[in-house]
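Please look at the sequence and the structure below. The briefing that follows covers strand pairing, a sheet and helix packing.

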Amino acid sequence: MDRRTFLHLTGTTALVTLAAPALVGCAGADRPAWTKGDPFALGVAAGDPTPDGFVLWTRLAPDPLSADPATPGGLSVGNIGIGYEIATDPALRDIVRRGSAIAEAAHAHSVHLEVSGLAPGRPYWYRFTSGNAQSRIGRAMTLPALGARVDKLRFAFVSCANYEIGYFSAYRHLADEQPDLVLFLGDYIYEYMERRRPTVRMHSDGVEATTLPTYRNRYAQYRLDPDLQRLHAVAPMLVTWDDHEVDNDYVGEWSMRFIDPAVFLKRRAVAYQAFYEHMPLRPDRYRSGPTGPAIRLHDRFAFGDLVEFAVLDPRQYRSRQACPIPPNRGGGHLETIASCPELIEPARSFLGAAQEGWLMDGFTRSPARWNVIAQSTLMAQWRQRMENKEISFWTEDWNGYEPSRTRLLHHLHDARVTNPVVIGGDIHSFWANDLKLDFNDPKSPTIATEFVGSSITSFGPPHEQFLTYLPDNPHVRFFEARHRGYVAVDLTRQSMTTQFRNVSDVRLLDAGISTLKNFTVEHGRAGVQI
Ligand SMILES: [Fe+2]
């Protein structure tokens, strides 16, 4: 029996045995009332688009931050059937689909509804229903038909939203812009409690997330944020993760704290499970493996002939960071090539061999005018000159995996990939970079352009100190670490215009928004034009 058949059967069984609202039929009609709390308090989300459908997400949680591990979201019952409606208009007047979906008890009553058979290249609006409760209305979209002519797309990318550090005004302002699509590039949650720096609000349970209930509650708390919730209702998402969805600076089975991999993988397993439970991902992306759940996150999404997004997974398959030294230099730290020749060891891979091969193979086939690589961390070389004048590199981003980066950039060049653009996050600062065939030769051709968004709230690196490194990095054309925000992108056949948007102050609930800088990349000409 395959997994989906199993779910449908267990879902049907649950209808009979439910102690809470028993739900039958379609669209939430004739159902008993929910008597306590809003089951849709966590909102809705759409993602994983195809030319004829998408995945719709919600999670039933009438008591979203239930502290009892036996009752995630306040529910102790089995699977629950709920209704859904999909329409061609925002007011849901022209309903084109009604049906029922399963909120899976094994996954904290989350719903990952796969919808197909819709028209390509257009928005749809949807909501879920259950008894007397209705979710808010969300907007989803289907991809254009394969190869269809597409003239424009408005998307945005975001990363690094530490709830404790500030309010999510950046998400609110982005929602106001009504982008067609938002890419979440990692650190959607932060697992830890902020102990050193000033905070404006607290992670509700007061502990670092390490268990299934604590990871679930972390996501639930973030999804209760009205700005984040509205952004999900306004725009469908593509998503990858970075480290804080699990633990700071982890890669593969390796924790930066030198925890036995067999022990650490148990934590990673529950973190991956909670991630799946809170994202609009296809159920077959979530697989059980020998080391616990694995999620096949890397994927490609083509918007007709205009743009293909290659969404990468920078964590799950990565080689361990170079030169780990117990007890506290297991994750990111600075090394010179002389002190750590492992930095240039060709066998190490940022993506893992399989994903690296998949990525390169996909580019070779891509007919798109723009090829956007959506991932989490800084790709450009970043030389940091130390007091003794030696050049050091950060081991945690692509700088710790130089041969892996070189393989990718050489492939973009050799395969003549059209208009490659890399977008990323992680470093909590705005960057516009020329990606060079050979970073050690400033005259080397620029073969791709990189834009790095700041953070939604997280603190940036030391701005003044980083400015002193710029003379050693002429390919870094713009750097700004003092502002938080997001990047909004207008893409046409002729150009990509990126707007670095920054909020006035993450400590203010009603922070304003402004544009820090605009850049344009012209079709056929790699690199930042200033
Ligand atoms: Fe971050």
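Strand S17 (residues 370–374) and strand S20 (residues 420–424) run parallel and are joined over 4 bridges; strands are DSSP runs of E with at least two residues, helices are DSSP runs of H or I with at least four residues, and both are numbered from the N terminus. Two strands pair if DSSP finds at least two bridges between them. Asn 371 has Pro 420 of S20 as its bridge partner.

This is a predicted model, in which local features need pLDDT of at least 70, side-chain atom pairs count only at pLDDT 80 or more, and totals for chains, interfaces and linings use all residues. Residues are numbered from 1 along each chain as its sequence is written.

**The sheet**
- An open sheet of 7 strands has the order S14-S15-S17-S20-S22-S21-S23, with mixed pairing.
- Strand S14 (299–303) and strand S23 (476–480) are the edge strands, each pairing on one side only.
- Neighbouring strands of the sheet are turned by 20° against each other on average, direction ignored.

**A helix on the sheet**
- Helix H7 (residues 402–414) packs on the sheet and touches S20, strand S21 (430–436) and strand S22 (446–452); contact requires C-beta atoms, placed from the backbone, within 7 Å.
- The direction of H7 makes about 125° with that of S22, where angles run from 0 to 180 degrees between N-to-C directions, and axes are lines fitted to C-alpha atoms, for helices over the stretch in contact.

**Two packed helices**
- Helix H3 (residues 212–224) packs with helix H5 (residues 261–277) at an angle of about 35°, their axes being 9 Å apart.
- On the H3 side the contact is made by Leu 212, Tyr 215, Arg 216 and Tyr 219, and on the H5 side by Val 270, Ala 271, Gln 273, Ala 274 and Glu 277.

Conventions
Contact = placed C-beta atoms within 7 Å.
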